[in-house]
Amino acid sequence: MDLIKTINLAAICTPADYNTRPLDTIYSNFIDALPVVKYCSENNKRLIHFSTCEVYGKTIGSFLPKDHPLRKEPEFYVLKEDESPCIFGPIVKQRWSYACAKQLIERLIFAEGAENGLEFTIVRPFNWIGPRMDFIPGVDGPSEGVPRVLACFSNNLLRREPLKLVDGGQSQRTFVYIKDAIEAVVLMIENPARANGHIFNVGNPNNEVTVRELAQMMTEVYANVSGEAPLVEPMIDVSSSQFYGEGYDDSDKRIPDMTIINKQLGWNPKTPLKDLLETTLTYQHKTYKEAVKRQMSQASASS
């Protein structure tokens, strides 16, 4: 008989919070998760724990000169669950508080499995995006809030503001459609014998772009779904210290290796980036455009 399952998704997981609320971030992602892990271990409950691709930190290739040919070799940037090292920045860079807390709770879960027989699966999401992801500041979240990149750019587009590219938007990321990702999670739930004891990357390496390229794609797609012409200057560059505050740091690339999840669960992502952006931005426009107009009008009237 399958064990009763506990699925832990609780976390503080937005980059602005890592930098400005490092204590809350560490407590939420490590200290507050300890009782969940202990309870599952002591009561014979299977644990499916959501971690993050940020546990990988920086790639090995990022420490090579920018023009070094080895930076283009997959072994220097593709991230493998059971092989890739976790490389973080210095302690003064508070941005790594999230990744460090997430890595430590992963190590605890793994140790509980090794020593006490805890049955577990760890999920490492690589930028799951789609409708209803995150919040739009001033509408269904705090006006001063800074959501993740898709919602940040959506908010700019809805307000007809230039999209802000942190440090030029040169970081490279992969994006996977939420529907594809949930299919992977369902396979983990329904196949405990094949999922237990494993860490799974859940992402789409075929949807790799720089953040600048993502901004360009979103600008073009939003113009199509909204019927609004793009701004003459649709993007502006801002420094990470301006956007996130002092102490921010970042990784250059996050490209998931898909070997383990494909072998164990037969899962592969399906949705191309352009398709998922069309679906998501159509939803954002229909759901938020009028609410954003009202919020902007109220703000203007009270100023």
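Okay, let's start with P192: its relative accessibility is 19%, so P192 counts as buried, given that buried means under 20%. Keep in mind that this is a predicted model. P192 sits in helix α7, residues 192-195.

V146 and T14 are 132 residues apart in sequence, and their C-alpha atoms are 7.7 Å apart in space. V146 is in the loop that runs between β5 (128-129) and α5 (149-158). Its relative accessible area is 22%, so V146 goes down as partly exposed.

How many does the model have? The count comes to 16 salt bridges. I'll walk you through a few.

Take E54 and R254, whose closest N and O atoms are 3.5 Å apart in a salt bridge. E54 is in the loop between β2 (46-50) and β3 (78-79), and R254 is in the loop between α9 (240-244) and β12 (255-256), so this pair ties together parts that are 200 residues apart in sequence. Are these two buried or exposed? E54 has 6% relative accessibility, so E54 counts as buried. R254 comes in at 4%, so R254 counts as buried too.

Next up, R160 and E228, where the side chains meet in a salt bridge at 3.4 Å, N to O. R160 is in the loop between α5 and β6 (163-166), while E228 is in the loop between α8 and β11 (235-238), so the pair ties together parts 68 residues apart in sequence. R160 is partly exposed, with a relative accessible area of 38%.

And then there's E183 with K270, a salt bridge at 2.8 Å, N to O. This one links distant parts of the chain, 87 residues apart: E183 is in helix α6 (residues 178-190), and K270 is in the loop between α10 (259-265) and α11 (273-302). E183 is partly exposed at 29% relative accessibility, whereas K270 is exposed at 58%. Going back to E54 and R254 for a second, salt bridges that share partners join E54, R95, R173, D250 and R254 into one network.

By class, the lining of the largest cavity has 8 nonpolar, 1 polar and 3 charged residues.

The second largest pocket has a volume of about 230 Å³. Among its lining residues are Y56, E81, D82, E83, R107, F110 and R124. Helix α4 (residues 97-116) supplies the largest share of that lining, 4 residues. By class, this pocket's lining has 4 nonpolar, 2 polar and 6 charged residues.

Last stop, the surface. L23, I26, Y27 and I31 make a nonpolar surface patch of about 380 Å². I26 is in helix α2 (residues 22-29), and at 34% relative accessibility I26 counts as partly exposed. That's my tour, thanks!

Definitions and conventions:
Residues numbered from 1 in each chain as written. Predicted model: local features only at pLDDT ≥ 70, side-chain atom pairs only at ≥ 80, totals over all residues. Heavy atoms only, no water. Nonpolar A, V, L, I, M, F, W, Y, C, P; charged D, E, K, R; others polar. Patch = residues over 30% accessible without salt bridge, like charges linked within 9 Å, V, L, I, M, F, W, Y side chains within 5 Å. Areas by Shrake-Rupley, 256 points an atom, 1.4 Å probe, with all protein chains shown as cover. Salt bridge = Lys/Arg side-chain N within 4 Å of Asp/Glu carboxyl O. Helix = DSSP H or I, 4+ residues; strand = E, 2+ residues; numbered from the N terminus. Buried < 20%, exposed > 50% of the residue type's maximum accessible area, 1.4 Å probe, protein only. 1 Å grid on protein atoms, 1.4 Å probe; cavity = no way out; pocket = protein on both sides within 12 Å on 5 of 7 lines; lining within 4 Å. Points joined across faces, edges and corners; volume = space filled by probe spheres on them.
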